[in-house]
Every structure is written in structure tokens, then in C-alpha cells.
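Here's a quick briefing on the structure below, sorted by topic. Have the viewer open while you read.

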Amino acid sequence: MRSHLSEWRRYLPYLTTSKLWNAFLVWVSFFTFRKWNGRHPARPISVSIEPTTACNLGCPECPSGLKMFSRKTGQIKVDDFKEWIDSIAGHIIHVNLYFQGEPFIHPDFSRLVEYAHRKRIFTSTSTNGHFISESVANEIVSSGLDQIIISIDGVTQEVYEQYRVYGKLDKVLEGTRNLVERKKQLRSQTPHIVFQFLVVAPNEHQIPEVLKLAEELGVDDVRLKTAQVYNYQHGNPLLPSDERYSRYVRKKDGTYRVKNALENQCWRMWSGCVITWDGRVVPCCFDKDATHAMGNLREQPFSELWNGHNYRQFRRSLMNSRAEIDICANCSEGTRVWTEA
């Protein structure tokens with residue numbers, strides 16, 4: 001099992017005095033947040049930026065796969081990305097190039113990574129693994145990407161496709177092999193390759209097998225992640241029988257509730273945010289349809305938006321009654337979302 005200390009060591013090359021000071025202010029202000037009345041004295045330390053909302057799969061609990069967005073499908077422009085990175089590079093430690101959609105559908109994905117890497121920002125992404133050809137694997141390693149999460153939710157096609165609808169497990173395994181081999185050829189320590197296993201009822205029996213498979217392939221880590229489902233109150237066919245791998249717990253009356261206590265605070269709100277492909281800034285990754293946009297970077301600089309009226313009002317609403325905010329009602333904040341094996 002990988003320790004949190006060893007994980008943080010990978011961030012060391014990207015730390016500066018100003019970033020460390022900002023991170024300290026984020027930590028302090030989180031524990032004294034009521035003093036600030038919705039205003040944030042620091043800047044985020046982590047940001048997710050969405051390369052595209054397009055996806056090749058049709059996963060049952062994903063609005064991107066189900067094509068259920070009310071917002072448009074599109075992809076980020078490279079010039080926009082560079083401008084937005086420039087505006088946050090002084091305080092951001094980590095940028096995750098992923099929100100909704102499949103990142104490698106973006107034709108210039110490696111250029112996005114390279115630019116953020118040159119700005120001394122730790123870079124990561126999450127992928128379904130279907131587009132990692134030998135040439136793409138070369139681009140990934142050469143770009144400086146620090147971490148890649150590959151979703152693998154089954155070790156047989158029959159089980160895998162029950163959640164990863166339209167997916168081909170052999171493509172995922174081929175892409176993984178390509179990436180592992182290219183790292184060896186270039187003698188590169190990056191990207192750190194993680195298998196993410198979304199534990200649901202159809203695949204929970206294969207947890208031991210995915211651990212073995214990852215070791216055989218040369219994958220660096222395996223993360224067992226709990227699944228967010230939208231209709232959970234009366235049970236859901238995706239809920240695993242082992243509640244350790246569920247975000248929901250069964251009550252005495254047979255219905256289910258979120259394990260999260262929904263306290264009127266939120267670390268994600270204080271430490272990061274999400275930027276959609278078209279420039280909208282939303283509070284966190286649970287706002288998949290960007291219904292709580294705090295503003296748009298095409299109209300307002302991040303420095304103004306972060307403490308603008310919309311953000312201050314949203315923070316105050318969360319501090320007063322988090323349970324009344326729709327995207328917070330099914331949130332995993334405060335629970336252990338994944339385990340490492």
C-alpha cells in the first residue's frame with residue numbers, strides 16, 4: 001500500500017514558497033471559515049480543467065456517457081487553456097485535466113499537459129483507456145504527465161461492460177501495456193499509473209483479480225473507488241453488498257442514506273474548483289451539469305471571480321445549510337471515497 005507521504009513526495013518539484021504559503025492560508029482559513037463570511041483569503045491549491053465533454057462510452061451513472069447534459073458538448077481551446085493556466089499558475093499545485101468526458105478525445109491533449117508542466121504544476125488525468133495507442137503512449141510520457149488514472153471496472157469483458165457500456169476491455173489492457181512499455185523505453189518514472197476500480201455489485205467479486213492483474217501488467221497502484229448513484233434511496237442494482245465499498249448505508253426501515261454527515265463545511269469548496277471546457281467555474285466535480293456556475297473566465301478574471309458575489313453567496317449558503325444544496329446532498333465529502341491496495 002502506498003503511503004500518503006510517498007504520494008506527496010511527487011509534488012515536491014512543483015512547490016514554491018508562494019504556493020506553500022497559499023496552501024497554509026487555505027488550511028487555516030478552512031478552520032476559521034465563518035470569520036470570513038464567505039470571502040476566501042487564499043487561492044485554490046488544486047483545479048480540475050475539462051478538456052472535453054465528449055465520450056465514447058455510455059456508463060449508466062454518467063451524464064456524459066448518457067448524453068444527458070443540458071450544457072453543450074465541446075472541447076477546450078488551447079489558447080483559452082494557456083490563458084487560464086497563466087492566471088492561476090502562481091498558487092496552483094495540482095491540475096487535473098479531467099471533469100466530464102474522455103480527455104484523450106481532445107486532439108491536443110498532450111499540448112495541454114506540456115504547457116501546465118512547463119508552468120511547474122503537477123498534472124494528472126483520468127481516462128477510460130481506449131485511446132492509448134503506441135504513439136499516444138509516447139506523447140503521454142514525453143508530455144511530463146505526472147499521473148494517469150485508468151478506469152478498469154472488471155477483469156473479464158462480460159463483467160467490465162456491465163458498467164462500461166460500449167467499452168472493450170482488451171483495448172484498455174492494450175493501452176496499459178503500451179504505456180508501461182513506453183515508460184520503460186524512455187526510462188521515465190512518470191506518469192504514475194493507477195488502475196481505478198469502481199466497485200459496484202456486478203464486479204465486487206473481482207477485486208482480488210484486479211489487484212493481481214495490475215501487478216502482472218506493471219501498474220503502480222490500484223484504487224478501489226465507491227460509486228455515486230443518483231437513485232439510491234430505495235436501493236440500486238449497482239450498490240455493492242459490502243458496505244465498505246459503498247457511499248450509502250442501509251437504514252432500519254430498508255431505505256438508504258448517504259454516509260456523509262453533511263456538516264456545514266466543505267474542504268473542496270475551500271481548496272479547489274472546476275473549470276469547464278467553455279470557461280465556467282463551478283464549485284466542485286459534483287456539479288456535473290455546471291448548474292452552479294460562479295462565473296465565466298471568458299468574461300471575468302479568476303482573481304475577481306474567486307471572491308465575487310456568486311462565490312461568496314454560495315459559500316455562505318453552504319455554511320448555513322449544506323443539505324439544502326442539490327449537488328451537496330449526494331456528496332462523498334467526509335467519507336472515505338476510495339482505498340488503495
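By class, seven nonpolar residues, one polar and one charged make up the lining of the second largest cavity. Keep in mind that this is a predicted model. The rest of the tour covers the cavities, a pocket, a surface patch, some salt bridges and a couple of contacts.

**Cavities**

- The structure has three cavities of 30 Å³ or more.
- The second largest cavity holds about 40 Å³ of space, and its lining consists of Phe30, Phe33, Gln265, Cys266, Met269, Trp270, Arg315, Leu318 and Met319.
- Helix α12 is the top contributor to the lining of the second largest cavity, with three residues, while α10 and α12 each supply at least two.
- In the largest cavity there's about 70 Å³ of space.
- Residues lining the largest cavity include Cys266, Met269, Cys284, Phe314, Leu318, Cys328 and Cys331.
- Split by class, the lining of the largest cavity comes out at nine nonpolar, no polar and two charged residues; α10 (267–271) and α12 (309–321) each put in at least two residues.

**Pocket**

- The second largest pocket has a volume of about 480 Å³.
- Its lining runs to 21 residues, and Pro63, Gln228, Tyr230, Phe286 and Lys288 are the ones nearest the centre.
- Class by class, the lining of the second largest pocket has ten nonpolar, six polar and five charged residues.

**Nonpolar surface patch**

- On the surface, Trp21, Phe24, Trp27, Phe31 and Trp267 make up a nonpolar patch, and together they have about 600 Å² of accessible area.
- Helix α2 (residues 17–31) gives the most to the patch, with four residues.
- Phe31 sits in helix α2 and counts as exposed because its relative accessibility is 55%, with the cut-off at over 50%.

**Salt bridges**

- There are eight salt bridges in the structure.
- One of them pairs the side chains of Lys119 and Asp86, at 3.3 Å from N to O. This pair links distant parts of the chain, 33 residues apart: Lys119 is in the loop between α5 (109–118) and β3 (122–127), and Asp86 is in helix α4.
- Both partners land in the partly exposed class, Lys119 at 33% relative accessibility and Asp86 at 41%.
- Asp153 and Arg164 also meet through their side chains in a salt bridge, with N to O at 2.6 Å. Asp153 belongs to the loop between β4 (147–151) and α7 (157–163) and Arg164 to the loop between α7 and α8 (169–185), so this pair ties together parts that are eleven residues apart in sequence.
- Buried or exposed, what are Asp153 and Arg164? Asp153 is buried at 1% relative accessibility, and Arg164 is buried too, at 12%.
- Asp242 forms a salt bridge with Arg244, and their closest N and O atoms are 2.8 Å apart. Here Asp242 is partly exposed at 24% relative accessible area, whereas Arg244 is exposed at 60%.

**Contacts between separate stretches of chain**

- Ala89 is in the loop between α4 (78–88) and β2 (94–96), and is buried because its relative accessible area is 13%, under the 20% limit.
- From Ala89 to Arg120 the C-alpha distance is 7.8 Å, though the two are 31 residues apart in sequence.
- Arg257 is found in strand β8 (residues 256–258) and is partly exposed, with a relative accessible area of 41%.

How values were computed. Residues are numbered from 1 along each chain as its sequence is written. This is a predicted model: local features need pLDDT of at least 70, side-chain atom pairs count only at pLDDT 80 or more; totals for chains, interfaces and linings use all residues. Side-chain values use heavy atoms; hydrogens and water are left out. Patches are made of residues with over 30% relative accessible area and no salt bridge: like charges are joined within 9 Å, nonpolar side chains (Val, Leu, Ile, Met, Phe, Trp, Tyr) within 5 Å. Accessible areas come from the Shrake-Rupley method with a 1.4 Å probe; for residues, only the protein chains shown count as cover. A salt bridge is a side-chain nitrogen of Lys or Arg within 4 Å of a carboxyl oxygen of Asp or Glu. Buried means under 20% relative accessible area, exposed over 50%, partly exposed in between (1.4 Å probe, protein chains only). On a 1 Å grid over the protein atoms alone, a cavity is a set of points where a 1.4 Å probe fits but cannot get out, and a pocket is an open set with protein on both sides within 12 Å along at least five of seven lines; lining residues have an atom within 4 Å of a point. Grid points are joined across faces, edges and corners, and a volume is the space filled by probe spheres set on the points. Ala, Val, Leu, Ile, Met, Phe, Trp, Tyr, Cys and Pro count as nonpolar, Asp, Glu, Lys and Arg as charged, and the others, Gly among them, as polar.
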